[in-house]
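Hello,

Here is the structure I promised to hand over. Please have it open while you read the notes below it.

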Amino acid sequence: MKGFGRYMIFLGSLVVRRETFKTYYHLTLEECIQIGIKSILLFMLVSTFMGAVTTLQTAANLVSPLVPKFVVSQVVREMTVLELAPTIMAIIYAGKVGSSMSGGLGTMRITEQIDALEVMGINSASYLVLPKIVASLMMFPLLVIVAAVCSMMGGYLAGTLTEILTPTEYIYGIRYAFNEYFITFALIKSIVFAFLISSISSFRGYYTQGGALEVGISSTHAVTTSIIAVLIADYLLAYLLL
Amino acid sequence: MIKINNISKSFADKIILNGIDGEFDKGKTNLIIGSSGTGKSVLLKCIVGLLHPDTGNVFYDFRNFTEADKDMKSEIRREIGMLFQGGALFDSKNVEENVMFPLDILTKMPKSEKIDRVNFCLKRVGLEGVNKKMPSEISGGMKKRVGIARAIVNNPNYLFCDEPNSGLDPQTSIVIDELIMEITHEFDITTIVVTHDMNSVMGIGEKIMFLSKGDKLWEGSNHDIMNSGVKELDDFVFTNKIMKNLKHGTV
Ligand SMILES: Nc1ncnc2c1ncn2[C@@H]1O[C@H](COP(=O)(O)OP(=O)(O)OP(=O)(O)O)[C@@H](O)[C@H]1O
Ligand SMILES: [Mg+2]
């Protein structure tokens with residue numbers, strides 16, 4: 001609970017005594033590029049396989065001849081948009097980007113780089129962390145969209161190559177009874193997750209104390225705490241918005 | 001000139017600093033010495049404002065820094081340069097960007113002027129042709145030099161150094177010490193150096209404050225440190241036999 005209070009104070013400190021807009025603009029762009037480079041390939045790889053596996057497993061479970069084949073791709077779509085793309089990708093994002101945010105900040109803390117910024121009169125928390133959070137808010141939803149597309153393409157490849165269903169059936173299923181609200185819901189989720197992961201990881205890293213060992217510990221804590229927060233938020237959002 | 005009065009600081013009921021008074025002169029290298037864990041770094045952090053003292057005030061040329069408002073604080077901060085123990089260079093920036101950073105943040109100089117200033121400072125600390133190197137690609141001694149260049153780039157009136165020669169070989173240490181002293185005289189800066197290295201004390205200790213267990217026990221210069229008559233200071237100065245014999249005139 002004390003940790004939660006400190007987290008709230010930390011979030012507050014991000015928005016006071018800031019630098020010029022131009023400074024943040026550059027820092028945020030840099031972060032966006034970093035995040036993109038770090039995660040896009042992994043995201044595409046994981047989501048393509050997720051789509052492929054979902055297709056095969058759904059097909060294997062739908063043995064009844066009464067169920068039309070296009071249901072397979074419909075299931076792939078629903079699972080991808082609602083859960084796999086935002087939530088599973090959030091977990092990967094926490095492991096890949098969150099841990100490096102916390103590790104980077106932790107290293108800056110123990111090597112006195114944060115003190116160096118403070119001596120120059122810079123609000124180090126907002127200077128270092130705000131760009132990370134804003135960049136995450138912009139990049140993560142984009143990555144989720146890419147992942148969703150890849151997942152459905154993975155499903156397409158797996159489904160057609162193994163001749164579970166024809167391309168026409170697959171496309172028909174993808175478009176069948178489509179509810180646009182689910183896309184909105186997925187994007188809301190991804191924005192919330194992006195905020196949670198980037199702010200929690202930064203918080204953990206920023207308040208590292210000690211040496212190299214503690215930096216490692218903060219990174220691990222950052223990942224676990226972010227994942228737990230994501231899962232709780234996932235449940236709450238489903239409860240509130242669906 | 002920097003003046004401190006009655007600086008106290010405790011962490012979780014453990015008293016680290018116990019009402020320290022003192023004055024640090026302009027154009028001199030002022031040393032804060034004492035054995036490990038006596039609160040030297042904590043005192044330095046209180047002076048530069050990285051920690052807020054529990055009691056007491058810090059005056060930068062009669063301006064009260066501890067109780068200053070935001071504008072006054074940032075005005076004073078512009079006049080401060082600091083060299084950190086490990087250099088504290090920004091990993092993601094190269095040498096040139098590191099040294100230029102305070103100018104980017106604190107001034108509105110045009111780019112070409114900034115580059116001239118950076119090159120001047122790098123040359124002053126004896127580093128040329130390393131502008132594009134990353135901090136991970138240069139040695140510990142070079143990092144200290146880059147740290148000094150960054151600390152003086154914005155023409156500070158006050159220079160702070162926390163253990164400038166920890167982790168360096170004795171020869172490089174002396175070079176760094178002398179560089180700090182030369183810069184102090186050349187630009188007439190108020191310099192405060194935290195150290196527990198006796199070579200530095202004898203070499204550049206123009207004014208020395210000795211701390212022990214949170215109290216200031218002695219103040220003077222490297223000329224009279226041998227004859228202070230303070231037992232704790234003697235223990236600190238005469239750590240080995242040769243020095244002890246030297247003191248008792250038996251060598
Ligand atoms: N942020 C902090 N929180 C709690 N205790 C601290 C903190 N910073 C320093 N201390 C404690 O204050 C004491 C003095 O530390 P300080 O770093 O000032 O020592 P020092 O004189 O600089 O020693 P050294 O020569 O080894 O650097 C130590 O016991 C340390 O554990
Ligand atoms: Mg120290």
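A polar contact here is a pair of N or O atoms within 3.5 Å; within protein, one must be able to donate a hydrogen and the other to accept it, and residues adjacent in sequence count only if both atoms are side-chain atoms. By that rule, 4 residue pairs are in polar contact across the interface of chain B and chain A, both residues at pLDDT 80 or more.

Some ground rules. This is a predicted model, in which local features need pLDDT of at least 70, side-chain atom pairs count only at pLDDT 80 or more, and totals for chains, interfaces and linings use all residues. Residues are numbered from 1 along each chain as its sequence is written, chains are lettered from A and ligands numbered from 1 in the order in which they are written, and side-chain values use heavy atoms, with hydrogens and water left out.

**The interface**

On the chain B side, helix H1 (40-48), helix H2 (70-78), strand E6 (80-83) and helix H3 (95-106) each give two or more residues. (Helices, H or I with at least four residues, and strands, E with at least two, are DSSP runs numbered from the N terminus.) H3(B) has the largest share, 4 residues. By class, this side has 12 nonpolar, 2 polar and 6 charged residues. (Ala, Val, Leu, Ile, Met, Phe, Trp, Tyr, Cys and Pro count as nonpolar, Asp, Glu, Lys and Arg as charged, and the others, Gly among them, as polar.)

In total, 20 residues of chain B are in contact (heavy atoms within 4.5 Å) with 16 residues of chain A. The count of salt bridges between the chains is 1. B:Lys45 forms a salt bridge with A:Asp115, with the closest N and O atoms 4.0 Å apart. (The rule asks for a side-chain nitrogen of Lys or Arg within 4 Å of a carboxyl oxygen of Asp or Glu.)

**The ligand**

For B:Ser36 the distance is 2.4 Å. For B:Lys40 it is 2.8 Å. For B:Glu163 it is 3.1 Å.

Best wishes
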